[in-house]
Amino acid sequence: MKEIQIQFYQSLFGELILGSFEGKLCMCDWVEEKRRYKIDKRMQNELHAKYVIGSTEVIAMAISQLDEYFARKRKVFDIPLLFVGTDFQKSVWQELLGIPYGATLSYGKLSQRLGNPNAVRAVAAANGANPISIFVPCHRVIGSNRKLIGYGGGLEVKKGLLALEAESQFLVG
C-alpha cells in the first residue's frame, strides 16, 4: 500500500495536518474539524494509501511557506499541489487559486467564474470539501451579503485569516 506522509503544524489559529503524496502537497487541513473523517477517508481511498507520520521535501517547503505566511512575509505560495476529489471539486479548487491575497469573492461570483451561475450550492459544497486550506484559499470565499459563511476551521479562524491578510497589505512591500 502506498503512503501519504503526514506531519502536524501549529499555526496561529490552530493545529493543521499536512500531507504529501508522490512529491505534492495533498492536504493542509484543520485537525479540529467536523469533516476530518470524511476528508481522511476520501484521501486514503482515492490514493490507495495510508497515513504515515513523517516528513518530505514538500512538507518542509509547506511549513517554511506557512511560517512566512503567518509572519506576514508571504502572499503567494509555490508548492506543487495534488487535488484529490471529483472533477467538479477540482475545477472549483483550481478557481480558488485565482482569488488574490487579501481579497474576497462571493460563492455566487465564484460560480459565475466557473460558467455556472446557478451552481452556488454545489460550488459551496466543493469549497467546503477543500482539503488544502490556506494554500487553496477557500477562506477568501464569503456570502453575497459580505458575511462570513462556513469554514472547516471555524468562522473565527476564517475571520483571523482574512484579518491577517488585510493587515499584511501594509506590512509587506
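1. Two strands count as paired if DSSP finds at least two bridges between them. Keep that in mind while looking at this predicted model. A handy place to start is Leu16, which stands opposite Trp30 in β3. Strand β2, residues 14-21, is joined to β3 by six bridges, and the two run antiparallel.

2. Now zoom out to the whole sheet. Strands of a sheet pair through backbone hydrogen bonds, either parallel or antiparallel. Here we have an open sheet of four strands, with mixed pairing, and the order is β3-β2-β1-β4. At the edges sit β3 (24-30) and β4 (49-53), each of which pairs on one side only. If you ignore direction, neighbouring strands of this sheet are turned by 30° against each other on average.

3. Next, look at what packs on the sheet. Helix α1, residues 36-47, touches β1 (2-11), β2, β3 and β4. The direction of α1 makes about 165° with that of β3. Helix α2, residues 57-70, also packs on the sheet, where it touches β1, β2 and β3. The direction of α2 makes about 20° with that of β1.

4. There is a helix pair to check, too. Two packed helices are described by the angle between their axes and the distance between the axes. For α3 and helix α5 (residues 120-128), the angle is about 80° and the axes are 9 Å apart. Angles of 65 to 115 degrees count as roughly perpendicular, so α3 and α5 are roughly perpendicular to each other. On the α3 side, the residues that meet α5 are Phe88, Gln89, Val92, Trp93 and Leu96. Their partners in α5 are Ala122, Val123, Ala126 and Asn127. By class, this contact of α3 with α5 has seven nonpolar residues, two polar ones and no charged ones.

5. Leaving aside neighbours within four places in sequence, Gln89 is in contact with Arg42, Ala126 and Ala129.

6. Take a look at Lys158 as well, in helix α6 (residues 155-171). Lys158 is buried, with a relative accessible area of 0%. If you skip neighbours within four places in sequence, the contacts of Lys158 include Tyr107, Cys138, Val141, Leu148 and Tyr151. His139 is on the contact list of Lys158 too. Lys158 and His139 are 19 residues apart in sequence and 5.5 Å apart in space, C-alpha to C-alpha.

7. Tyr101 deserves a quick stop. You'll find Tyr101 in the loop between α3 (87-96) and β5 (105-106). Tyr101 has a relative accessible area of 13%, which means that it is buried. Between Tyr101 and Gly54 there are 47 residues in sequence and 30 Å in space, C-alpha to C-alpha.

8. Last, the nonpolar cores. Which residues touch the most other members of the largest nonpolar core? They are Leu66, Ile134 and Phe135, out of 38 residues. Each of β2, β3, α2, α3, α4 (107-113), α5 and α6 supplies at least two residues of this core, and the largest share, seven residues, comes from α2. Leaving aside neighbours within four places in sequence, Phe135 is in contact with several residues, including Leu25, Cys28, Ala62, Leu66 and Phe77.

How values were computed:
Residues numbered from 1 in each chain as written. Predicted model: local features only at pLDDT ≥ 70, side-chain atom pairs only at ≥ 80, totals over all residues. Heavy atoms only, no water. Buried < 20%, exposed > 50% of the residue type's maximum accessible area, 1.4 Å probe, protein only. Axes fitted to C-alpha atoms, helices over the stretch in contact; angles between N-to-C directions. Contact = heavy atoms within 4.5 Å. Parallel < 35°, antiparallel > 145°, perpendicular 65-115°, else oblique. Nonpolar A, V, L, I, M, F, W, Y, C, P; charged D, E, K, R; others polar. Core = buried A, V, L, I, M, F, W, Y, C linked by side-chain atoms within 4.5 Å.
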